Amino acid sequence: MTGPRGLGPLVLGIETSCDETGVGVVRGDELLADALASSVDEHARFGGVVPEVASRAHLEAMQPTVHRALADAGVTWSDVDAIAVTAGPGLAGALLVGVAAAKAYAVALGKPLYGVNHLAAHVAVDRLANGDLPEPCVALLVSGGHSSLLVVPDVTGTVEPLGQTVDDAAGEAFDKVARVLGLPFPGGPHIDRAARDGDAAAIDFPRGVVRDAPYSFTFSGLKTAVARWVEARTRAGEQVPVDDVAASFQEAVVDVLTKRAVAACRDRGIDHLVIGGGVAANSRLRALAAQRCEAAGIVLRTPPPRLCTDNGAMVAALGALMVERDVAPSPLDLPADPALALA
Amino acid sequence: MLLLALDSSTPRVTVALVDVAADATVRVLAEHADDAGNRHGELLAPAIQRVLATAGAAPTDLRAVGCGLGPGPFTGLRVGIVTAASIADGLGVPAYGVCSLDALALAHREQPGGLLVVTDARRKQVYWARYDEEGRRVDGPEVSAPDDVAAAARGHVDRVVGPGATQWSDAFAGFAIDESDPWPQANMVARLVAPRAAAQAPTEQLTPMYLRRPDARPPTSLKAVTPR
Ligand SMILES: [Zn+2]
């Protein structure tokens, strides 16, 4: 199925797995619109996403965000070939709002529905920035909700999880360390900024290793080490060098992430690495990944930061690929699955 | 004109397709209800497709959508509301909302006397509303402990209806509990919005009757969302 002028299917994608209501419109691998409503400010004072607050915000934002996406794309419903939606993983009540909305639009408009995996969508979004997705590729997805290393032979069907965090997600560690340092939520951008003025080698924070799981991550030990270090300085009446702590903590995180990702490429003989998720917006992660990939002869694919964080365009991008590859649409009883596994 | 009505404010998810005449009288063309538990999100869209198919109607034949706004447990309630709002939006037709307890009360208007409607609000509370002899809502909707609701309603109502009445039968001992039609029915939602639909009233923002603030506790960890 193709859209007007044979330019690839026009797909509207809905994303509500966490605190961003995202609605994107793509035509094939061309990004037409990426509308976003965020409830992040409502969660800031709790230091983390409050599921019920997020769900309420999704419901309020749904129609306005859909309309903004259609208007930005300069299309009408009759141009839309299919509706795609994040079916999981994510927060149960939040996912459900998007899935129910997508089904309702699909029924009302007589369009096919595609339930997609949020993590696979983080990989597929790369095609909007960098063209045809190389398959197989290795994908490193890091955010406040997930930290995963995947092998992706076919992003619309077969995605193999290699490893993931066994405790905190990377973005969560950023949030918690930011709190320890008195920086606002969400912590990622603030730590990134503070770290630019700090010395990444100032403090030798631990790099966590997970036994018998060479591609998995653990950040809770690191987070505790930072908290202890800061506490000790505070108790001794010393000034805490926030910039150095931020830089050293950040270095410990991105060192582990990039090392494991490059190792996965090498071990699997795969020469393309895609990074995504909110933490992929981190400037040090990008720089170190670029450096290590170059040294290892791996082509690094990094979507722009705006497409790395959760958004509707990534869902539409994967949906369009599913249409192009004749993947069967989802049934209308498609569940929202908070723990949706990769196929 | 064809109107689609639905309610997901209780574990019973209910959908009706009706024809609304110019004088706002309602003729039910097809109706479907499921005991959803908390599977509202899986059952509602297929139920809508089923009632349309049963009546031989296309989605584009719809001219309005009606929806119960609760009160009810949030997650299921939101499924119905976002579904109604999105269908209306996709078709460019108006959406109208009603208090789900009013829909439940309407099914019992034939019998005389004051009426108390109670549904389950979890956490040992009920959602409730009180209606006078004419069927007008005179108190509520509110969320309260069953004993408090019973104490306040004593002497004011002749009957208690709704799933909360049987669930909290101890609290409502001494009241006449009417166990017929305990769930909201979509055709009653349709009857309540029919005058607005017939008059082609402007579309409404479908705002859930939450009656409670969100639990402002962040999850201790989001790691459950990583694949297993
Ligand atoms: Zn994400």
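**Close-up views of a predicted two-chain model**

**View 1. The loop at Arg123(B) in the predicted model.** Arg123(B) lies in the loop that runs between strand S6 (115-120) and strand S7 (126-131) of chain B. The model shown here and in the other views is predicted. Arg123(B) has a phi near 50°, which is positive although the residue is not a glycine. Its relative accessibility is 56%, so Arg123(B) counts as exposed.

**View 2. Surroundings of Pro146(B).** Pro146(B) belongs to helix H4 (residues 146-153) of chain B. The relative accessibility of Pro146(B) is 5%, so this proline counts as buried. Apart from neighbours within four places in sequence, Pro146(B) touches Lys124(B), Gln125(B) and Val126(B), and also Trp168(B), Ala171(B) and Phe172(B). Ala95(B) lies 51 residues from Pro146(B) in sequence, and the two C-alpha atoms are 33 Å apart in space.

**View 3. Thr83(B) and its contacts in chains A and B.** Thr83(B) sits in helix H2 (residues 74-91) of chain B. With a relative accessible area of 4%, Thr83(B) is buried. When neighbours within four places in sequence are left aside, Thr83(B) has contacts with Ala100(A) and Ala104(A) from chain A, and with Leu6(B), Leu44(B) and Ile48(B) from chain B.

**View 4. Ala53(B) in helix H1 of chain B.** Ala53(B) is part of helix H1 (residues 40-54) of chain B. Ala53(B) has a relative accessibility of 58% and therefore counts as exposed. Ala30(B) is 23 residues away from Ala53(B) along the chain, with a C-alpha separation of 8.9 Å.

**View 5. The zinc site of chain A.** Four residues coordinate the zinc ion at 2.1 to 2.5 Å: His118(A), His122(A) and His146(A), each through NE2, and Asp310(A) through OD. Along the chain, these donors follow the spacing H-x3-H-x23-H-x163-D. Within this set, His122(A) and Asp310(A) are 188 residues apart and link distant parts of the chain. His122(A) comes from helix H4 (residues 118-124) of chain A, whereas Asp310(A) comes from the loop between helix H11 (305-308) and helix H12 (312-324) of chain A. The angles among the four donor atoms run from 88 to 162°, and the site is irregular. A tetrahedral site would need all angles between 85 and 135 degrees. His122(A) is buried, at a relative accessible area of 0%. Asp310(A) also counts as buried, at 14% relative accessibility.

**View 6. Packing of helices H9 and H10 of chain A.** Helix H9 (residues 242-268) and helix H10 (residues 283-296) of chain A have axes that come within 9 Å of each other and cross at roughly 35°. The crossing of H9(A) and H10(A) is right-handed. On the H9(A) side, the contact is made by Gln250(A), Glu251(A), Val254(A), Asp255(A), Leu257(A), Thr258(A), Lys259(A) and Val262(A). Their partners in H10(A) are Arg284(A), Leu285(A), Leu288(A), Ala289(A), Arg292(A), Cys293(A) and Ala296(A). The residues of this contact between H9(A) and H10(A) comprise eight nonpolar, two polar and five charged. An α-helix has 3.6 residues a turn, so residues three or four places apart point the same way.

**View 7. Helix H6 of chain A and what covers it.** Helix H6 (residues 170-180) of chain A is mostly covered, with eight of its 11 residues buried. The buried residues of H6(A) are Ala170(A), Gly171(A), Glu172(A), Ala173(A), Phe174(A), Asp175(A), Val177(A) and Ala178(A). Their cover includes strand S6 (137-142), strand S7 (147-154), helix H7 (187-196), helix H8 (220-235) and H9 of chain A. Just after H6(A), Gly182(A) has a positive phi of about 75°.

**View 8. Cis peptide bonds in chain A.** Glu135(A) and Pro136(A) are joined by a cis peptide bond with omega of about 5°. Pro136(A) lies in the loop between helix H5 (126-130) and S6 of chain A. Another cis peptide bond runs from Phe185(A) to Pro186(A), with omega near -5°. Pro186(A) is placed in the loop between H6 and H7 of chain A.

**View 9. Asp326(A) after helix H12 of chain A.** Asp326(A) is located in the segment that follows H12 of chain A. The phi of Asp326(A) is near 60°, a positive value in a residue that is not glycine. Asp326(A) is exposed, at a relative accessible area of 64%.

Note on methods
Residues numbered from 1 in each chain as written. Chains lettered and ligands numbered in written order. Predicted model: local features only at pLDDT ≥ 70, side-chain atom pairs only at ≥ 80, totals over all residues. Heavy atoms only, no water. Axes fitted to C-alpha atoms, helices over the stretch in contact; angles between N-to-C directions. Helix = DSSP H or I, 4+ residues; strand = E, 2+ residues; numbered from the N terminus. Left-handed = near helix turned anticlockwise from the far one by under 90°. Contact = heavy atoms within 4.5 Å. Nonpolar A, V, L, I, M, F, W, Y, C, P; charged D, E, K, R; others polar. Donors = N, O, S within 2.8 Å, 3.2 Å for Na, K, Ca; no water. Tetrahedral: all angles 85-135°; square planar, octahedral: opposite > 155°, others 65-115°. Buried < 20%, exposed > 50% of the residue type's maximum accessible area, 1.4 Å probe, protein only.
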